[in-house]
Amino acid sequence: MRVLRILIADDHEVVRRGLRSLLASRMDWEVCGEAADGVEAVEKAKNLRPEVVLMNISMPRMNGLDATRIIRRELPECKVIIVSMTDPEMASKHAGEVDAAAYVANSETPQTLLSTIERVVGQELAPVLSGNAKVTESTGSQQGAGVEMGIPDGAVALESILCTEELQRRPSRPPNYEKENRALVALAQALADSRHTILQTLADTILDALEAGSAGLSLLTTHDGGKRFYWPAIAGLWQPHIGGGTPRDFGPCGDVLDRNIPLLFRHFELRYTYFLPVTPPVEECLLVPFYVHGKAVGTIWAIAHDDRRKFDAEDERLLSSLGKFASSAYQIHASLDALQFEAGEREKAETARRGDVAERDLAARAASLLAAIVDSSDDAIISKSLDGVITSWNKSAERLFGYGAEEAIGQHVTLIIPADRRAEETTILERLKRGERVDHFETIRVRKDGTPLDISLTISPVRDATGRVVGASKVARDVTERKRAERASQESENRLRALTDTLETQVRARTAELEQRNWEVLEQSEQLRELSHRLMQIQDNERRHIARELHDSAGQILAAMSMSLSNVVQQVKKAAPQLVREAEDAQGLVRELSQEIRTTSYLLHPPLLDESGLRDALLWYIRGLKERSGLDIQLAIARDFGRLSPEMELVIFRVVQECLTNVHRHSGSKVAAIRIARNHQSVTLEVQDEGQGISPEKLGEIRSRGAGVGLRGMRERVLQLGGEMRIQSEGRGTKISVILPAAEADRAKMAGLTDQARTAR
């Protein structure tokens, strides 16, 4: 006969003794060892090699869940059954997370434990047992939360990686028109001077303007009818990937052209897995389509490789603006390719003279495109010789200064310069002759009708093919309204400063007096707050102590008593059948008392708060309150919320407990909603009901004096952690909001990592 070897792990001798007595009823089962904590359980499991381990959760040195995780990893043939007083639903969930074979509550009958052991060793992990005993199917591997490995192409829906709507929800940085103006001028200059590298210049400009990690262009191939996109120009971290590309019908660029709008992607490698080997990986990618003669030919894009960089609506506007330039740049690039090919073919069959004609034709087409860009600009763009004679004058210059092109071209630039500002032009011309650039020079110019204009000038030298400076390109932007607003603001500021100066002396004396009084009040308030904090700490510690005593002493003794009564019932059935009813009634009373003690212990201080964290403790409390009160309570908290410091978790739990008690007793509401979230800066809590609300008078009293012992206690708990609490009530319903600094959570995370490292050793 094969003997089943069982290891018992529990920190209470009375429970171990009761389990030994219960298991002794089976001749083919043997208790091969006992352990009083998690560390000892792991060591004895490795040495004794039992088939089954009966594991408690709450134990010193190492809890039963961590011990189970290690045993299942190092001894996969060993089955672990969790036997605990912990809340059944939560404990069953945790048992599945650590790959335990089953969970049985201490409050269940001993026969339930025996049948669970039989099922675990007699079947290949039966899926569900009766009552609270649940078997969790073992997969033999763990998957990361929310991560699917080896996703086939297209397995993730497109909408799951799109986040374009967030562009409008995020705080938008203010437009930097000066930087945008510099970029456009640089691109216009590149069109004139370095047409062969215009696409790379555009990629560099996008990278700088959007402060991205990588930027570039994707163009549809032409030789195969546009079946792929290729990357002719990339700037930033992805520059080594120039020449690569993506399919037209399955890729982010194709999605943009299909929808004909800018799109923002997040981690597009989840859908388009051919990006997985590309490094560095993509956090976000903003793409904008561009067109030539109404036909889509490609996209321009910017990539953030760091989750700290989030694109916003201003980035979309700026990239769309550069997309218009991309159309012209593409036409020039395409024209160059076509004309160069044409010139090459002709060079083989024609004379050098024909080659010159092709070159002039190329220059003429490029110049025509450049002229179109200049004329479409919202800024005045003027070119002049080194003598100051105007050689070009775009449409915006006509609108800004009032002179037509036929009036201005050929005139000296002093045509629009006031007499008292003409020395500026001499200085500017000297700098241009030295090849220097003039950026954002704010000055005054004059319109044809004599009206002065506040303008901002950016002036760049123009060079010929040999690199010699032959003229200048000037971009002028009207800043009259901005200057007027600045002057009005300055005048208002001066008046306010004068008024402030007259009051300052009086305020200073009064302030000194109030500061002294405030210091005295604050010192007394701080002493009172410290006393209140110490009293609450004492109260919490006493609650924890009483709860632990009930759980570890009375609760465990009752569990052992239940096991003993089970044996008594079996003996009475054989020896004194007339006493069976009384024995079974006694056994039922013990189970009811065990349940009441567990509930009382949890209300004083739920052990789940220490063992499993805030989320599980709140789920347990809310479920119990629903059963007792009938309230419909919704809890919104992320599954991977993680752990906070013990003090912070306790504060949030107590605030929720007090809020829900007030909702049940005073609000008249039948529903309540709880939302808990965290980020790098803070942890936030909101509790909201739909009850009768708080009158404005009462709300004012609460905000000024914190009326009510419960509310004052909540506020003091929050203040001790450096947080703040707000109460809102407008006619119907009340919302209590708490914001706590994240520093406590960060310290808790580091402490958790230290504990994990210690456990691994």
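Student: Which residue forms a salt bridge with Glu34, and how far apart are the closest N and O atoms?

Tutor: Side chains of opposite charge can pair when their charged atoms come close. Here Glu34 pairs with Arg16 in a salt bridge (a Lys or Arg side-chain nitrogen within 4 Å of an Asp or Glu carboxyl oxygen), with 3.1 Å between the closest N and O atoms. The model is predicted: local features need pLDDT of at least 70, side-chain atom pairs count only at pLDDT 80 or more, and totals for chains, interfaces and linings use all residues. Residues are numbered from 1 along each chain as its sequence is written, and side-chain values use heavy atoms, leaving out hydrogens and water.

Student: Where in the chain do Glu34 and Arg16 lie?

Tutor: Glu34 is in strand E2 (residues 29–35) and Arg16 in helix H1 (residues 13–23), so this pair links distant parts of the chain, 18 residues apart. Helices (H or I, at least four residues) and strands (E, at least two) are DSSP runs, numbered from the N terminus.

Student: Is Arg16 buried or exposed?

Tutor: Arg16 counts as buried because its relative accessibility is 11%. Buried means under 20% relative accessible area, exposed over 50%, partly exposed in between (1.4 Å probe, protein chains only).

Student: Which residues are linked with Arg16 in a network of salt bridges?

Tutor: Glu13, Arg17, Arg20 and Glu34 are linked with Arg16 in that network.

Student: What do the side chains of Lys46 and Glu74 form?

Tutor: Lys46 and Glu74 meet in a salt bridge, at 3.0 Å from N to O. Lys46 belongs to helix H2 (residues 38–48) and Glu74 to helix H3 (residues 64–74), so the pair ties together parts 28 residues apart in sequence. Lys46 counts as partly exposed at 36% relative accessibility, and Glu74 as partly exposed at 40%.

Student: Are Asp315 and Arg309 buried or exposed?

Tutor: Both Asp315 and Arg309 are buried. They form a salt bridge with closest N and O atoms 3.1 Å apart.

Student: How many salt bridges are there by this rule?

Tutor: The count comes to 48.
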